[in-house]
Amino acid sequence: MINPSVQIRKIDSYDLNSLEEAVKEFLGGLKSQKFIRSKRVLIKTNALGAFAPERAVTTHPLVIEALIRYFLDKGKEVWFGDSPGGTVSFDTVWQTCGYADLAKRYPIKVVNLGTSGFRELSYQGKQVKISEILWKCGAVINVAKYKTHSLTAFTGAQKNLYGLIPGMVKTDYHRENPNTNDFSELLTALYALVRSRITYNFIDGILGMDGAGPSAGNPRVFGLFMGSTSIPALDYTAAKMMGFKISDVPYLSAALHLEGILPSHIKVPTSFQHYRIHDAKISQVIRSQKSMKYVPGIVRIAFKKLYSFHPIVSERCKRCGICVQSCPVKAIDWEKDSNPVIRKRDCIKCMCCHELCPHQAINIIKSPLARLVLQ
Ligand code: SF4
Ligand code: SF4
């Protein structure tokens, strides 16, 4: 039986010294010969899109800086990258997330995982394209953000691997896997295909997000910095601290099963109980799915259309066009000098537009029945 451990530190604000201490403590115990011998380290951040650090959507640049300093000090060659979602340029994303400056101050290589070639691998019938960079680095450090998610309930270390899929291929996969279960199966396949390459995982929950994550929720100071060699152990612990049950996050139970990890065997610090977040708000889409689980199947089918959600463009729209370009089924019309309009009949509710809108201008509207049940 595998007994992975999860490390947790209380850090209330982004302070480089505290982060460097935590990184040293977490990584100090890494005994893997592969890691020790590896010359090149990839730091895989969460750069979902062009969001400033205070929006709590992307991994904070000071967390990355602490890691860069640690690995350079160990004499490693550091590569730092991601494949952002949507159509905003990589340089704009890097600049807005506060990462561009790091490459000026440290001798590192920035890698766009969206344009560096890929391998197409298969797991249980799912074909997945994965950035070739993963095979060019001896050690891979996965650095996620601690957030709720409107499609997968929770996003931590495993969901962060989705950025290993190049550029707009991610959008194609959203089209092919529009609902939570299909998308979770894809995440499971991705995890199964890359898990042997991932050396260590961090979750930046110093400033995290609840509500309509992963980008339109509420930034919240959780004051938590977490790490583990085991992705499912880390995600299980982090999701539980937010109040999720294992059944709320389908890809999580699949990953635990794949590794043969029983939740009761995961080792967490004794301080774990004090760090629980008792008032984290989950996305209303996920709340709706949870409440539907208790409705008998036949009634669920009958009420499916009446009990629903759909995205609409609100008055906050700045007409940047990102949602239009990012919609995998081209369900958003956009006339010159007006806000885009979502064609409800064609929308597959993948929530990509909601996720990638930089101005929180896509609202999720409940049907009257859903309003009644979830008020
Ligand atoms: S809804 Fe958001 S992403 Fe779409 S055009 Fe408006 S501001 Fe841009
Ligand atoms: S309109 Fe938004 S939610 Fe609907 S299919 Fe397009 S991107 Fe997905």
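This briefing describes the domains, nonpolar core, strand pairing, selected local sites and ligand surroundings of the structure above. The model is a predicted one. The protein is divided into domain 1, residues 7-275, and domain 2, residues 284-374. Between the centres of these two domains, taken over C-alpha atoms, the separation is 26 Å.

**Domain contact**

- The contact between the domains draws 21 residues from domain 1 and 21 residues from domain 2.
- On the side of domain 1 that touches domain 2, helix α7 (residues 169-176) supplies the largest share, with four residues.
- By class, that side of domain 1 consists of nine nonpolar, nine polar and three charged residues.

**Nonpolar core**

- The largest nonpolar core has 108 residues, and V41, I43, L67, I141, L190 and M226 touch the most other members.
- Helix α3 (residues 61-73) gives the largest share of this core, namely eight residues.
- Because domain 1 and domain 2 both give residues to this core, it lies between them.
- In soluble globular proteins, nonpolar side chains tend to be buried together.
- Apart from residues up to four places away in sequence, L190 touches V128, L161 and Y162.

**Strand pairing around β10**

- Strand β10 (residues 218-228) pairs with strand β1 (residues 7-10) in the antiparallel sense, over four bridges.
- Within this part of the model, K10 has L224 in β10 as its bridge partner.
- Strand β9 (residues 200-210) also pairs with β10 in the antiparallel sense, here over nine bridges.
- For L207, the bridge partner in β10 is V221.

**Helix α9**

- Helix α9 spans residues 231-241 and is mostly covered, with eleven of its eleven residues buried.
- The buried residues of α9 include the charged D235 and K240, together with I231, P232, L234 and M241.
- After α9 comes G243, which has a positive phi near 105°.

**Two loop positions**

- P166 is located in the loop between α6 (157-160) and α7.
- P166 counts as buried because it has 20 C-beta neighbours inside 10 Å, and a residue is buried at 20 or more.
- Although P166 and G114 are 52 residues apart along the chain, their C-alpha atoms are separated by 3.9 Å.
- Leaving aside neighbours within four places in sequence, P166 is in contact with S83, L113, G114, F118, K129 and S131.
- S308 sits in the loop between α12 (297-303) and β11 (309-313).
- S308 has 16 C-beta neighbours inside 10 Å and therefore counts as partly exposed, the class between 12 or fewer for exposed and 20 or more for buried.
- S308 and Y123 are 185 residues apart in sequence, and their C-alpha atoms are 32 Å apart in space.

**Ligand surroundings**

- Around ligand 1 there are 13 residues, of which C317, C320, C323, C357 and A361 come nearest.
- The shell of ligand 1 comprises nine nonpolar, two polar and two charged residues.
- Ligand 2 likewise has 13 residues around it, and C327, C347, C350, C352 and C353 come nearest.
- In the shell of ligand 2, twelve residues are nonpolar, none is polar and one is charged.

Note on methods:
Residues are numbered from 1 along each chain as its sequence is written. Chains are lettered from A and ligands numbered from 1 in the order in which they are written. This is a predicted model: local features need pLDDT of at least 70, side-chain atom pairs count only at pLDDT 80 or more; totals for chains, interfaces and linings use all residues. A residue is near a molecule or strand if its C-beta atom, placed from the backbone, lies within 6 Å of it. A nonpolar core is a set of buried Ala, Val, Leu, Ile, Met, Phe, Trp, Tyr and Cys residues joined through C-beta atoms within 7 Å. Domain bounds come from an automatic or database domain assignment. Two residues are in contact if their C-beta atoms, placed from the backbone, lie within 7 Å. Two strands pair if DSSP finds at least two bridges between them.
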